Amino acid sequence: MILWGPPGTGKTTLASIISHTLQRPFHTLSAINSGVREVREVIDKSKEEEGAILFIDEIHRFNKSQQDSLLGAVERGTITLIGATTENPSFEVISALISRCQVYKLTELGKEELEQLIKRASAYYASQGREIEVVEDEALLRISGGDARKLLNAFELVVNRDKSQKLVIDNRKVIDVIQQNLALYDRQGEMHYDIISAFIKSMRGSDPNGAVYWLARMIEGGEDPVFIARRMLIFASEDISNANPNALLLANACFEAVTKIGYPECRITLSQCAIYLANSVKSNSTYVALQNAQQAIKHTGDLPVPLHIRNAPTKLMKDLGYGDGYKYAHDYAGNFAEQEYLPDVLRGSKFYDPGNNPREEETRKLLKWRWKDKYGY
């Protein structure tokens, strides 16, 4: 299995609980400082053990050859693999490995879970002879960002700063102790998500100054440039789309360039792309169209494909009417022939509504000319 989720949500703890519950041998590797040799050593050792579990932290940091080295042992059952990642495994883990794993998405801890951790931490110190009373917890919760590890570290810092036998913790005391840490860029914490959010929203709002500022913050903080480029690639389709198709081309070129050259030179390419995307005309029409179509599927289920647009590779299918009456568009004037492409239940449904920009206004006119009043263009 692969456990995917933000830091401090219990991925490592969950893997340990599984191994102890099943009473299996448990091996741990970190992808940051392990390679193929370390993986093979664990696999060789596991051949002499019964149902050994190999836990790999930050498995997304393994390159393709390192991930390939796991496949045989996973396939044969020599090891039971548990991988942990903060990044989307669809992008960072090879498909051959993902197909052999179940992916579980862990979410950041909620307010109730975090408050429970604060109570447990207070109880721990009480067992050590210190009385800790938390009268305000908003600052602790905000600093944690849903990360249990971050919460407990902050709690410990506050407690260790004041050696008095009885300690009352309020928001002011927490902020006084932790404040200097809030200015840092944490690639794995709350600020990571806040700043990428500010970056995306600045580009969506067509503000190149805001976009390049938040980009610089990420660069100065050592953010993975591939992560930044991937988010811009998604943005080009989601927020610009066919209002300016060149945006996707440039974002893809940026992504390829970043993967080839890396820091520090790729920061210039990132800046060029971010400013271009911020300046570009915006439209989310194709994103909304897909959402509309998916919503219709949820309501109507898997409707049958109309017979006239089904594939008919065999005589039996032809005899059953597959493809019967289909109009080949290129045989008609303007390479267009009016016919139905949706299931009967959805006849006339409009999922795509062109955006209010010059390029898509031309698209709207073309759709109106082709389909007349059928879709209401």
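This is a predicted model: local features need pLDDT of at least 70, side-chain atom pairs count only at pLDDT 80 or more; totals for chains, interfaces and linings use all residues.
Me: Why is H13 called roughly antiparallel to H14?
Reply: The axes of H13 and H14 cross at roughly 165 degrees and come within 9 Å. Angles over 145 degrees count as roughly antiparallel, and therefore the label applies to this pair. The crossing of H13 and H14 is also left-handed.

Me: Which residues make the contact between H13 and H14?
Reply: On the H13 side, the contact involves Asn-246, Ala-247, Leu-250, Ala-251, Cys-254, Ala-257, Val-258 and Ile-261. H14 contributes Cys-266, Thr-269, Leu-270, Gln-272, Cys-273, Tyr-276 and Leu-277.

Me: What makes the bond between Tyr-263 and Pro-264 a cis peptide bond, and where does Pro-264 lie?
Reply: The omega angle of the bond joining Tyr-263 and Pro-264 is about 0 degrees, and the bond is cis. Pro-264 belongs to the loop between helix H13 (246-261) and helix H14 (266-279).

Me: Why do Cys-254 and Cys-266 count as buried?
Reply: Buried means under 20% relative accessible area. Cys-254 has 3% relative accessibility and therefore counts as buried. Cys-266 has 0% and therefore counts as buried too.

Me: What is noted about phi in Gln-23 and in Ser-241?
Reply: Gln-23 has a positive phi of about 55 degrees although it is not a glycine. Ser-241, likewise a residue other than glycine, has a positive phi near 55 degrees. Gln-23 is placed in the loop between helix H1 (11-22) and strand E2 (26-30), whereas Ser-241 is found in the loop between helix H12 (225-240) and H13.

Me: Are Gln-23 and Ser-241 buried or exposed, and why?
Reply: The relative accessibility of Gln-23 is 71%, over the 50% required, so Gln-23 counts as exposed. For Ser-241 the value is 8%, under 20%, so Ser-241 counts as buried.

Me: What makes Asp-344 an exposed residue, and where does it lie?
Reply: Asp-344 has a relative accessible area of 58%, which is over 50%, and it is therefore exposed. Asp-344 sits in the loop between helix H16 (315-319) and helix H17 (358-371). Its C-alpha atom is separated by 52 Å from that of Ile-261, with the two residues 83 apart along the chain.

Me: Why is the pairing of Asp-344 with Arg-347 called a polar contact?
Reply: The side chains of Asp-344 and Arg-347 are joined at 2.9 Å. The cut-off for such a pair of N or O atoms is 3.5 Å, and therefore the term applies.

Me: How do you know that Ser-202 is buried, and which residues does it touch?
Reply: Ser-202, in helix H10 (residues 190-204), has 12% relative accessibility, under 20%, and so counts as buried. Leaving aside residues up to four places away in sequence, Ser-202 touches Asp-207, Gly-210, Ala-211 and Trp-214.

Terms used: Residues are numbered from 1 along each chain as its sequence is written. Side-chain values use heavy atoms; hydrogens and water are left out. Helices (H or I, at least four residues) and strands (E, at least two) are DSSP runs, numbered from the N terminus. Buried means under 20% relative accessible area, exposed over 50%, partly exposed in between (1.4 Å probe, protein chains only). A polar contact is a pair of N or O atoms within 3.5 Å; within protein, one must be able to donate a hydrogen and the other to accept it, and residues adjacent in sequence count only if both atoms are side-chain atoms. Axes are lines fitted to C-alpha atoms, for helices over the stretch in contact, and angles run from 0 to 180 degrees between N-to-C directions. Angles under 35 degrees count as roughly parallel, over 145 as roughly antiparallel, 65 to 115 as roughly perpendicular and the rest as oblique. A crossing is left-handed if the near helix is turned anticlockwise from the far one by less than a right angle, and right-handed if clockwise. Contact means heavy atoms within 4.5 Å.
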